[in-house]
Amino acid sequence: MRSDVLIIGGGPTGLVLALWLTKLGVKVRIIDKTAEPSTTSRALAVQARTLELYRQLDLADAVVEQGHRVPAVNLWVKGEPATRLPFETIGSDLTPYAFLQIFPQDQHERLLIERLEALGVSVERRSELVGFTDEGDGVTARLRGPEGREDSCEMRYIAGCDGARSLVRETIGTGFPGGTYRQIFYVADVEAAGPALMSTWMRPISWRSFPSPGRVARGSSGPCATSVPTAPTHSGSRTSAIGQSITSRSRSKG
Ligand SMILES: Cc1cc2nc3c(=O)[nH]c(=O)nc-3n(C[C@H](O)[C@H](O)[C@H](O)COP(=O)(O)OP(=O)(O)OC[C@H]3O[C@@H](n4cnc5c(N)ncnc54)[C@H](O)[C@@H]3O)c2cc1C
């Protein structure tokens, strides 16, 4: 049967769209070319506006319960604490979520997948969009399945939630203008102990750490100087995700 919407990409954008449309009674199909959901923290800061949106999906409480609440950010200048930015007092009359919520992207995606499955929709994995044609009253897409075979399918709409190198965006020619920062950023999920978690200066770069629920900390080094005010202490040290330089496009960092 023809679906109303074929969602390309089972990252956070595709998953939330699928949840929302399904709750509205729209028949969706969601595919992703990867075999498994992601495993690293990546976009781990969930902002108040996202939680307000999630409240309408009955998701906000779970994100708050499973994540780590950050009430303030400490700013450092040349190795000395300079000031503290308290979210609680800034946003208390604006939102019920006047804090920064740390919820690693992989855990976040797992929660979204669970909620979607509870509504009877599963992400079809190892299923890749290889092209599509706009037929006017619908779309015909070519999909490559887990066995490598190509099939075509029809739907009323196609939703491009296929990330930074989106084939959907490329096909419809919308572009994704942006630039590249001169600086190099490294991001890693690490288990570490001691004051390094709070703020360490490794001149000429700085270190920013985010305690993460269930995995200790995600560190980000680059030209920034922030630390969140609470840090769990654990012994041992293990890098659970490789450091990676980030090319910034036209989006704000969370
Ligand atoms: C190392 C790293 C650190 C990051 N840190 C932060 C951060 O601190 N804060 C922040 O806000 N953001 C951060 N980001 C960015 C954040 O992860 C992305 O903005 C977010 O994942 C975008 O979600 P999305 O669902 O739009 O796309 P994605 O998460 O990229 O998901 C797109 C999905 O589409 C699938 N796909 C692509 N093409 C096809 C196709 N042809 N057919 C089928 N499936 C396809 C992919 O497999 C993928 O699963 C980071 C990213 C990286 C890599």
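Modeller: Two strands are said to pair if DSSP finds at least two bridges between them. The model before us is a predicted one.

Biologist: What makes E1 and E2 paired strands?

Modeller: Strand E1 (residues 3-8) and strand E2 (residues 28-32) are joined by four bridges. The cut-off is at least two bridges, so E1 and E2 pair. Their run is parallel, and Leu 6 has Arg 29 in E2 as its bridge partner.

Biologist: Which sheet holds E1 and E2, and in what order do its strands stand?

Modeller: They belong to an open sheet of six strands, ordered E8-E2-E1-E11-E10-E9, in which the pairing is mixed.

Biologist: Why is one side of strand E8 and of strand E9 left without a neighbour in the sheet?

Modeller: Strand E8 (123-125) and strand E9 (128-134) each have a single partner strand and stand at the edges, so one side of each lacks a neighbour in the sheet. On average, neighbouring strands here are turned by 45° against each other, direction ignored.

Biologist: Which strands does helix H1 lie across?

Modeller: Helix H1 (residues 12-23) lies across E1, E2 and strand E11 (150-160).

Biologist: What makes E4 and E7 paired strands?

Modeller: Three bridges join E4 to strand E7 (residues 100-102). Since at least two are required, E4 and E7 pair. They run antiparallel, and His 68 has Ile 102 in E7 as its bridge partner. Both strands lie in an open sheet of three strands with the order E3-E7-E4 and antiparallel pairing. Its edge strands are strand E3 (45-46) and strand E4 (68-70), each pairing on one side only.

Biologist: Why is Asp 58 called exposed?

Modeller: Asp 58 has 11 other C-beta atoms within 10 Å. A residue with 12 or fewer counts as exposed, so Asp 58 is exposed. Asp 58 is placed in the loop between helix H2 (48-55) and helix H3 (60-66). Its phi is near 60°, a positive value in a residue other than glycine.

Biologist: Is Arg 126 buried, exposed or partly exposed, and how do you know?

Modeller: For Arg 126 the count is 15 other C-beta atoms within 10 Å. Buried requires 20 or more and exposed 12 or fewer, so Arg 126 is partly exposed. Arg 126 is found in the loop between E8 and E9. The phi of Arg 126 is near 50°, again a positive value in a residue other than glycine.

Conventions:
Residues numbered from 1 in each chain as written. Predicted model: local features only at pLDDT ≥ 70, side-chain atom pairs only at ≥ 80, totals over all residues. Axes fitted to C-alpha atoms, helices over the stretch in contact; angles between N-to-C directions. Contact = placed C-beta atoms within 7 Å.
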